[in-house]
Amino acid sequence: MKALQASTSYSIGFGISRAAPPPRPSGRRHVILAQVEPSEKSVEIMRKFSEQYARKSSTYFCVDKGVTSVVIKGLAEHKDTLGAPLCPCRHYDDKAAEAQQGFWNCPCVPMRERKECHCMLFLTPDNDFAGQEQAITLEEIKETTANM
Amino acid sequence: MERNNIHSLAGQKARLNHRIGLSFWPKTDFRARKAPSTLRVVCLRDTTAAAVTGKSWEKLVLNSDTPVLVGFYASWCGPCRMVHRVIDEIATDYAGRLKCFVLNADSDMQVAENYDIKAVPVVLLFKKGVKLESVIGTMPKEFYIAAIERVLAS
């Protein structure tokens, strides 16, 4: 059940119970502190998913693999905290509700229907930013996001 | 004037007869932001542009005598980094004529909501406190330059 997943994962950061309302961080400081690195397990899951989905959809990673790496980490972070790989390239009033609704969970509806990924994870070959690769290693992800 | 939506990125290609990827390549390595030791993990502020927050919004953006560019981003948004690099170039190119800031939409929810920010990256251009242009998505530098020139000329 997604709602349970979401609250369970939130409890890692905020330690709230199921009955509590969605966490409202009390200050900006806490928001920043909550932005921790995603778990390696989730990064690996999202990395594999990205490779598979690129092949399946005949799309390619960005010529700048740093972009790909950050997005994969963003998906992993949302998977950790929300229980679903919510698109990291959007702003949401309520992330938990969005993750449960599912429209922007990767692969999002625009991607599945029209191959539109404004996060530039999956690019059609005619896109100016498209590279020629459908593979990315965990090392590449670590390397390109090392200084973040 | 609202620019095309984010999904028109591929459509823009037709009007670009040169490779635009190059201007987005990092000039040097991504610069890690020197964060205070208490804030060990910081997100994607891989830019030299100053941050604007909800608190400083009125002073820095709305009451600025100089036109202002604000780049909205989210913590783990890959393409936002590309736009940040362009903003850094623009900040140098337009020094004295345009002030450039970035805003984390995740931390400053209220500002993001006030301007109805949905997809990021989004670049908004202000003059005398009024939003004149918005560029949604990751566009080639020329696209931002054109919007800036319209604002400066207005």
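What share of the contacts in chain A with a separation of 6 or more comes from residues 24 or more positions apart? The share is 65%, where contact means heavy atoms within 4.5 Å.

This is a predicted model, in which local features need pLDDT of at least 70, side-chain atom pairs count only at pLDDT 80 or more, and totals for chains, interfaces and linings use all residues. Residues are numbered from 1 along each chain as its sequence is written, chains are lettered from A and ligands numbered from 1 in the order in which they are written, and side-chain values use heavy atoms, with hydrogens and water left out.

**Chain A**

Chain A holds 7 helices and 0 strands. Helices (H or I, at least four residues) and strands (E, at least two) are DSSP runs, numbered from the N terminus. Of the 148 residues in chain A, 52% are buried. Buried means under 20% relative accessible area, exposed over 50%, and partly exposed in between (1.4 Å probe, protein chains only).

Helix H4 of chain A covers residues 65-82. Its 18 residues reach 25 Å from first C-alpha to last, close to the 26 Å expected at 1.5 Å a residue. That expected span is 1.5 Å times one less than the number of residues. H4(A) is mostly covered, with 15 of its 18 residues buried. After H4(A) comes Gly83(A), with a positive phi near 85 degrees.

**Where the chains meet**

H4(A) and H3(B) have axes that come within 7 Å and cross at roughly 135 degrees. H4(A) is therefore oblique to H3(B). Axes are lines fitted to C-alpha atoms, for helices over the stretch in contact, and angles run from 0 to 180 degrees between N-to-C directions. Angles under 35 degrees count as roughly parallel, over 145 as roughly antiparallel, 65 to 115 as roughly perpendicular and the rest as oblique. In H4(A), Val67(A), Val70(A) and Val71(A) meet Gly78(B), Pro79(B), Arg81(B) and Met82(B) of H3(B).

**The sheet of chain B**

Chain B has an open sheet of 5 strands, ordered S1-S3-S2-S4-S5, with mixed pairing. S1(B) and S5(B) stand at the edges with a single partner strand each, so one side of each lacks a neighbour in the sheet. Two strands pair if DSSP finds at least two bridges between them.

| Strands | Sense | Bridges | Bridge partners |
|---|---|---|---|
| S1(B) and S3(B) | parallel | 2 bridges | Ala50(B) and Phe101(B) |
| S2(B) and S3(B) | parallel | 6 bridges | Gly71(B) and Val102(B) |

S3(B) is mostly covered: 5 of its 6 residues are buried. Helix H3 (residues 78-93) of chain B lies across S2, S3 and S4, at about 165 degrees to S2(B).

Gly96(B) sits in the loop between H3 and S3 of chain B. Gly96(B) is exposed, with a relative accessible area of 72%. Thr66(B) is 30 residues from Gly96(B) in sequence, and their C-alpha atoms are 7.9 Å apart.
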